[in-house]
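Have a look at the structure first, then read on.

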Amino acid sequence: MRIVLLGAPGAGKGTHCKRIERQYSLVHLASGDILRQERAADTELGKKAQRYMDSGALVPDELIVEMMTEVIKKIPENGSFVLDGFPRTVNQADEFDKSLASAGQKIDIVLNLKIDDRITVERLTGRRSCPECGAVYHIENLKPKVEGICDNDGTKLIQRPDDNPEVVANRLRTYHEQTEPVVDYYRKNNTVYDIDAGKDADEVIALLFEKLDALAKA
Ligand code: AP5
């Protein structure tokens, strides 16, 4: 299965992709996580991406498309993946479609997490993440068993620097201007399912599994 999971910052892409990855044994590719790894490793790409990420703007398309194409190339042919945070502009979607088509492949399903901006602000400012395994928690909604500690590996949880209110506002503006049009782009040629991501996390994942189970059986 080749899955694209779309949604605003804080819609729950990372949270649900981790569960999709486990349930269907596929590869979870999150462009934001890959960029954060590049930054941590102080690579040229990481240095270039820094100022865009810190301000809530998008990293230029040419850097992202090259980065994601390289990562996807490493997946064995016909391997399954779920994309989180990519594509994020119509140009990225178009370039990615062309690259898949040249390999005789296409996206099988697009899942669009729909959510109100007010909820995403609450979620992002309360988010805590594990720098080791990438697990995502929330100080109110999805608490770890021990406060501030990752359930999976005992690592101290951190708050992402771009989760401060000012940058969150910019990320949401960027989403509405540049990423929402990607949903319409996919509606032209793909099956797109809108999912109410404002529901409880277990309800959202049940809706996502329902669509993916149907695709797996088809
Ligand atoms: P990225 O890391 O992709 O950030 P984002 O899209 O802003 O998404 P988030 O990771 O913030 O949110 P999410 O939807 O994964 O929510 P989560 O599951 O964590 O990108 C960061 C930056 O990198 C960008 O700003 C840009 O600069 C750059 N970048 C990345 N990709 C790019 C691209 N393709 N092109 C150009 N630039 C790119 O959940 C959030 C919180 O809510 C958590 O605390 C979670 O526990 C909680 N939660 C989730 N679901 C629920 C629920 N149903 N109920 C209650 N709480 C919930």
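Which residues of S3 are buried on one side, and which on the other? Phe81 and Leu83 sit on one side, Val82 and Asp84 on the other, and all of them are buried, leaving both faces of S3 covered. In a regular strand, side chains alternate between the two faces of the sheet. Keep in mind throughout that this is a predicted model.

## The sheet

S3 belongs to an open sheet of five strands, ordered S2-S3-S1-S4-S7, with parallel pairing. Strand S2 (27-30) and strand S7 (192-196) are the edges, each pairing on one side only. Going from one strand to the next, the twist averages 20°.

Now for the neighbours of S3. On one side, S2 and S3 pair in the parallel sense over four bridges; here valine 27 has phenylalanine 81 as its bridge partner in S3. S1 and S3 also run parallel, joined by four bridges, and valine 4 has leucine 83 as its bridge partner in S3.

## Two cores

The largest nonpolar core holds 30 residues. Those with the most contacts inside it are Leu29, Val59, Met68, Phe81, Leu83, Phe96 and Tyr186. H4 gives the most, with six residues.

Leaving aside residues up to four places away in sequence, phenylalanine 96 touches Ile72, Phe81, Leu83, Phe86, Ile107 and Tyr186. There is also a second, separate core of 24 residues, and Val82, Ile109, Leu113 and Ile115 are among them.

## Isoleucine 107, tucked into a loop

Is isoleucine 107 buried or exposed? Its relative accessibility is 2%, so isoleucine 107 counts as buried, even though isoleucine 107 is found in the loop between H5 and strand S4 (109-114).

The contacts of isoleucine 107 are Arg2, Val4, Phe81, Phe96, Asp97, Leu100 and Asn190, again not counting residues up to four places away in sequence.

## Helix H7 and its kink

How does the span of H7 agree with 1.5 Å a residue? With 25 residues, H7 should span 36 Å, and its end C-alpha atoms are 36 Å apart, so the two values agree. H7 does have a kink, though, of about 45° and centred on histidine 176.

Quite a list of H7 residues is buried: Val167, Val168, Arg171, Leu172, Thr174, Tyr175, Thr179, Val182, Val183, Tyr185 and Tyr186. Tyr186 is also one of the residues with the most contacts inside the largest core.

## Loops worth a look

Start with the loop between S3 and H5, where proline 87 is found. A cis peptide bond joins phenylalanine 86 and proline 87, with omega at about -5°.

Two other loop residues have a positive phi without being glycine. Serine 25, with phi near 50°, is in the loop between helix H1 (13-24) and S2. Because its relative accessibility is 66%, serine 25 counts as exposed. Aspartate 42 has phi near 55° and is in the loop between H2 and H3.

Last stop: aspartate 116, in the loop between S4 and helix H6 (117-125). With a relative accessible area of 41%, aspartate 116 is partly exposed. Aspartate 116 and alanine 11 are 105 residues apart in sequence, yet their C-alpha atoms are 8.7 Å apart in space.

Note on methods:
Residues are numbered from 1 along each chain as its sequence is written. This is a predicted model: local features need pLDDT of at least 70, side-chain atom pairs count only at pLDDT 80 or more; totals for chains, interfaces and linings use all residues. Side-chain values use heavy atoms; hydrogens and water are left out. A nonpolar core is a set of buried Ala, Val, Leu, Ile, Met, Phe, Trp, Tyr and Cys residues joined through side-chain atoms within 4.5 Å. Buried means under 20% relative accessible area, exposed over 50%, partly exposed in between (1.4 Å probe, protein chains only). Contact means heavy atoms within 4.5 Å. Two strands pair if DSSP finds at least two bridges between them. Axes are lines fitted to C-alpha atoms, for helices over the stretch in contact, and angles run from 0 to 180 degrees between N-to-C directions. The expected span of a helix is 1.5 Å times one less than its number of residues. The bend at a residue is the angle between axes fitted to the seven residues ending there and the seven starting there.
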